[in-house]
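This note sets out some points to consider while reading the structure. Each point may be checked against the sequence and the coordinates shown here.

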Amino acid sequence: MRLLLGSLFALVVAAVVGLGATYLALTRGAAFGPLTIGSWTAWPKTGTADADPYAQAEIARIGRLPTALGDGVAFTATSDDNGRRLDGRCDVVLSGVTPAARFWTLTLYRPDGELVANSLSRFGFTSQEITRFADGSFQIVVAPRANPGNWLPTGGIERYILLLRLYDTAVGVSTKAGREVPMPAVNVRSCP
Amino acid sequence: MIRWLLLLLGGALLGGIVHLATIIILPRTATQDAYSRLARSAPVNAVTALATPSPAAAPMPFMDPAFASAVCRYDLSQGPLKLSVPVSPAYTSVSFYTRYDVAYYAINDRAAGRRVIELDLMTPDQHNQMPEDEDITAADRLIVESPTLTGLIAIRALAPEPGLMSVAQNTIAAAKCVRADDANRPN
C-alpha cells in the first residue's frame, strides 16, 4: 500500500512538473539565443535550420511560419521600457530609429496573433509610410483614440503585442545589443 | 519524511524527462501548425495565393499584413522542383520551410540579383544523382537542398504602401512552382 501510494505521488509530481514546465516554456518563449534590445526581443536562430526544440515546439503550437533569417528578423515587444505590459487603453509612444534594414514593418497583434479591427483598417506601418523628423528618427503613437502624426490604433483591447520586422538586414545570430542596433524606445504617455 | 522527499525528487526528475519528451514530440503531433493549416487549402507542387490577413480571417497567425504572399506546398518524392518568382519593385523574398515549419533557407530579390528568382529544389539524394555535366550547365541556377521530402515554400512581396498591394499581388501571381520533369516537357 505504501509503495503504491508512493509511486502514485511520484508520478503525479512528474506530470505536474513536466507538463507545467512545457506549458511555461511555450507561453513565455524559451527558445535559445534571444537578442534583447530595450523592450524588444528577437530570436534570430529560430529562423534558421538550427532552430532548437523549444523554438520548434512554440512555432508548431502557435501555427505560424517563422521569419527566415535570410529574409529578416522579427522583434517582439510585449511591455514598455519600464517593464509594464502594453495596454491598449493607454497611449504608448514609440520613438527613435531602427537598425539598418532595407525595409521594416511594425504590426500590432492580439496576443494570439490576430490583427485588431479598426475603422481605418490600419494594422501597422511600413518604413515607407511613416513621417519622420529631420534627423530621420520617428515617433509612432499607439493609442485607442486618434492622434496626430503616425497613429497606430489599438482598438482599446487590453493586451497586445508589437512586432517590428526588419527585412534584408545585417542583424542576425551574431548581433550583440549595442549602438549599431538602436531600437525605438517604448514609453507610456498617458493611461486612463 | 526522507522517503517522501526522495519520492518528490524522483518525481521531479521524471518530470524533467516528461518535459523534454513533450517538447520534442509536440511539433510531430501538432494538428494546427502552419503546414497542416495550409495543407487543407494548398494543392501539392503548385503556387497558391494566400489571402491578406484581416481581423476577421487569416490563413495563419502573425502574418505580416504589408505583404502579398503565396505558398507552394511541395513533395519531392516524384522528383526535383523548379521554382521561379518574378521580382516586385519593392522587396520580394522566398523562404523554405520543412514539414515541421523549420526555416532552412531564404533568399531575397537583392541576393538573387536578377529580375526573376530561379531555384531548383531537390533532396540531397537527388542532388547527388544529378549527372556531372548537367551540374555544370546548371551552374547559374541556384540549387537548394531540402532536408525533408515535403515542406513549404513561402513567396512574399512587400507592398510599401496599401496602394501598391495590387502590384505585389500581381507579381506573386506570376510565380511558378512545378516538377522539373513537367517543366522540361514540351507543350
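In what sense do strand β5 (residues 101–109) of chain A and strand β9 (residues 161–169) of chain A pair, and over how many bridges? The first point gives the reply; it should be kept in mind throughout that this is a predicted model.

1. Pairing of β5(A). Strands β5(A) and β9(A) pair in the antiparallel sense, over 8 bridges. Within this pairing, L108(A) stands opposite L162(A) in β9(A). Strand β5(A) is also joined to strand β6 (residues 124–126) of chain A, by 3 bridges, and these two strands run antiparallel. Here T105(A) is found opposite T126(A) in β6(A). In general, the side chains of a regular strand alternate between the two faces of the sheet.

2. Confidence in chain A. The average pLDDT of chain A is 90, and 100% of the residues score at least 70. Among the elements of this chain, β5(A) has the highest mean pLDDT, 95, whereas α1(A) has the lowest, 88.

3. Overall plan of chain A. Chain A contains 2 helices and 10 strands. Along the sequence, their order is α-β-β-α-β-β-β-β-β-β-β-β. The C-alpha atoms of the chain fill a box of roughly 75 × 40 × 30 Å, taken along the principal axes. Of the 192 residues in chain A, 39% are buried. Among contacts in chain A between residues at least 6 apart in sequence, 69% join residues at least 24 apart.

4. Helix α1 of chain A. This helix has 27 residues (residues 2–28), so at 1.5 Å a residue it should span 39 Å; the end C-alpha atoms are 38 Å apart, which agrees. Its buried residues are A10(A), A14(A), V17(A), G18(A) and T22(A). An α-helix has 3.6 residues a turn, so residues three or four places apart point the same way. What covers the buried residues of α1(A) includes α1 (2–29) of chain B. Just after the helix, G29(A) takes a positive phi of about 80°.

5. The side of chain B that touches chain A. In the contact between the chains, 49 residues of chain B meet 54 residues of chain A. The elements of chain B that give two or more residues to this side are α1, α2, β4, β5 and β8 (150–158). The largest share, 16 residues, comes from α1(B). By class, this side of chain B has 31 nonpolar, 11 polar and 7 charged residues.

6. Two positive phi values in chain B. Most residues other than glycine have a negative phi. N45(B) is not a glycine, yet has a positive phi of about 55°. N45(B) lies in the loop between α2 (34–39) and β1 (47–50) of chain B. D101(B), also a residue other than glycine, has a positive phi near 65°. D101(B) belongs to the loop between β4 (92–98) and β5 (103–108) of chain B. Are these residues buried or partly exposed? N45(B) is partly exposed, because 17 other C-beta atoms lie within 10 Å. D101(B) counts as buried, because it has 24 C-beta neighbours inside 10 Å.

7. The largest nonpolar core. This core has 94 residues, of which V71(B), I153(B) and I155(B) touch the most other members. Not counting residues up to four places away in sequence, V71(B) touches L38(B), A42(B), T48(B), L50(B), L152(B), I153(B) and A154(B).

How values were computed. Residues are numbered from 1 along each chain as its sequence is written. Chains are lettered from A and ligands numbered from 1 in the order in which they are written. Helices (H or I, at least four residues) and strands (E, at least two) are DSSP runs, numbered from the N terminus. The expected span of a helix is 1.5 Å times one less than its number of residues. A residue is buried if 20 or more other C-beta atoms lie within 10 Å of its own, exposed if 12 or fewer, and partly exposed in between; C-beta atoms are placed from the backbone. Two residues are in contact if their C-beta atoms, placed from the backbone, lie within 7 Å. Ala, Val, Leu, Ile, Met, Phe, Trp, Tyr, Cys and Pro count as nonpolar, Asp, Glu, Lys and Arg as charged, and the others, Gly among them, as polar. A nonpolar core is a set of buried Ala, Val, Leu, Ile, Met, Phe, Trp, Tyr and Cys residues joined through C-beta atoms within 7 Å. Two strands pair if DSSP finds at least two bridges between them. pLDDT is the predictor's confidence in each residue, from 0 to 100.
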